[in-house]
Amino acid sequence: MIQSMNEFFQKDIISVRDFDKQKLESIFDATNKIIKLKPNDRREIGRGKTLGYLFYEPSTRTRLSFEAAIASIGGTSIGISNISSSSTQKGESLADTVRIMSIYSDVLVLRHPLDGSSRFAAEISEKSVINGGSGTEEHPTQAIQDLFTIKKEKNKIDGLKIGIVGDLKYGRTVYSLLSALSYYDVDVHLISPESLKIRTDSTYEIKKRFSFTESTDLEEYIDDLDVVYVTRIQKERFPDEEEYIKVKGSYVIGLDITKKMKDDAIILHPLPRLDEISAEVDNTKQAKYFKQAEYGMYTRAALLGLILNEKGF
Ligand code: NCD
């Protein structure tokens with residue numbers, strides 16, 4: 001059978017806004033395929049391919065999961081995660097660094113503090129660019145991983161009641177997640193301190209597709225939620241540390257809260273977590289954030305496999 005070209009072949013992954021439900025579902029299908037494949041067959045998918053990563057901001061999971069993902073499909077990775085040891089310190093522009101990396105690799109992952117950095121890099125790069133987190137706007141591969149986790153753990157996405165808690169102003173995972181959820185039929189409830197409410201300018205488009213409710217009270221609807229997505233207060237993005245101190249520790253998910261939640265509700269977090277989920281919650285069956293990190297490796301392997309292979313895998 002002649003397979004047609006897959007729609008992700010040599011494409012950039014910059015924003016969830018460029019997606020739709022069908023595109024997300026085809027990545028989920030590819031991820032399920034990756035999970036089922038034997039390691040030897042998996043390694044054929046990316047054999048001889050190189051992933052290049054450029055991380056201008058700290059990262060643990062995103063970088064490691066991309067490295068693990070390319071290795072699992074038989075490829076290798078090269079990159080810079082510590083910008084102080086790179087030519088950027090000598091004054092090299094982002095454009096030149098991207099240009100060089102696109103010569104040495106088959107697909108690039110960029111993490112950068114500026115919104116728009118990945119789109120800019122994609123214009124320069126000869127190879128596909130994946131946004132590994134840009135500014136406060138986007139983290140598309142995290143959203144893919146988040147929705148895949150919901151689908152695996154709840155067996156569906158449509159019809160769920162989803163609460164998103166924490167720093168909704170600066171947390172970029174929240175904007176990508178909301179964009180992705182807006183392609184589904186879900187009820188979303190946002191919970192944040194008043195000063196960290198969702199930015200209306202960034203949700204203007206999303207709001208055309210679905211609506212959400214907002215409150216500052218974590219417990220108001222907690223017993224009704226199927227998914228509780230917790231985020232870290234993004235200290236590094238506050239213009240004024242005093243403002244951070246005022247909201248630090250606003251919400252803490254402890255055993256008292258998990259007991260009020262539905263038994264089959266799930267708790268997610270993009271990680272790293274600080275104090276917003278107590279360590280004692282890790283042993284509850286609602287805690288799925290480490291599973292979510294594992295799914296992140298599989299969803300990224302699937303995405304890389306689709307980008308690198310004309311006919312998919
Ligand atoms: C997130 C990020 O970088 O935006 N981390 C991640 O990629 N898993 C969330 C965060 O830093 O709080």
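**Exercise 1. Describe the lining of the largest pocket in this predicted model.**

Solution. The largest pocket is lined by 21 residues, and those nearest its centre are Arg111, Arg172, Arg232, Leu271 and Pro272. Two elements, α3 (61-72) and α7 (172-181), each give two or more residues to this lining. Next, sort the lining by class: four residues are nonpolar, 10 are polar and seven are charged. Finally, the volume of the largest pocket is about 420 Å³.

**Exercise 2. Determine where the ligand sits and which residues surround it.**

Solution. Begin with the location: the ligand sits in the largest pocket. Then list its surroundings, counting a residue if one of its heavy atoms lies within 4 Å of the ligand.

**Exercise 3. Identify polar side-chain atoms that lie within 3.5 Å of an N or O atom of the ligand, and state how much of the ligand the protein covers.**

Solution. Take the side chains in turn.

- Gln142 places a polar side-chain atom 3.3 Å from a nitrogen atom of the ligand.
- Arg172 has a polar side-chain atom 2.8 Å from an oxygen atom of the ligand.
- For Arg232, an N or O atom of the side chain is 2.8 Å from an oxygen atom of the ligand.

**Exercise 4. Locate a cis peptide bond and a residue that has a positive phi although it is not a glycine.**

Solution. As a reference, most peptide bonds are trans, and most residues other than glycine have a negative phi. The bond that joins Leu271 and Pro272 is cis, with omega about 10 degrees. Pro272 belongs to the loop between β9 (266-268) and α11 (289-308). Turning to phi, Asn155 is not a glycine, yet its phi is positive, at about 65 degrees. Asn155 is found in the loop that runs between α6 (140-154) and β5 (161-165).

Technical notes:
Residues numbered from 1 in each chain as written. Predicted model: local features only at pLDDT ≥ 70, side-chain atom pairs only at ≥ 80, totals over all residues. Heavy atoms only, no water. Near = heavy atom within 4 Å. Polar contact = N/O pair within 3.5 Å; in protein donor to acceptor, adjacent residues only side chain to side chain. 1 Å grid on protein atoms, 1.4 Å probe; cavity = no way out; pocket = protein on both sides within 12 Å on 5 of 7 lines; lining within 4 Å. Sits in = over half its atoms within 2 Å of the grid points. Points joined across faces, edges and corners; volume = space filled by probe spheres on them. Helix = DSSP H or I, 4+ residues; strand = E, 2+ residues; numbered from the N terminus. Nonpolar A, V, L, I, M, F, W, Y, C, P; charged D, E, K, R; others polar.
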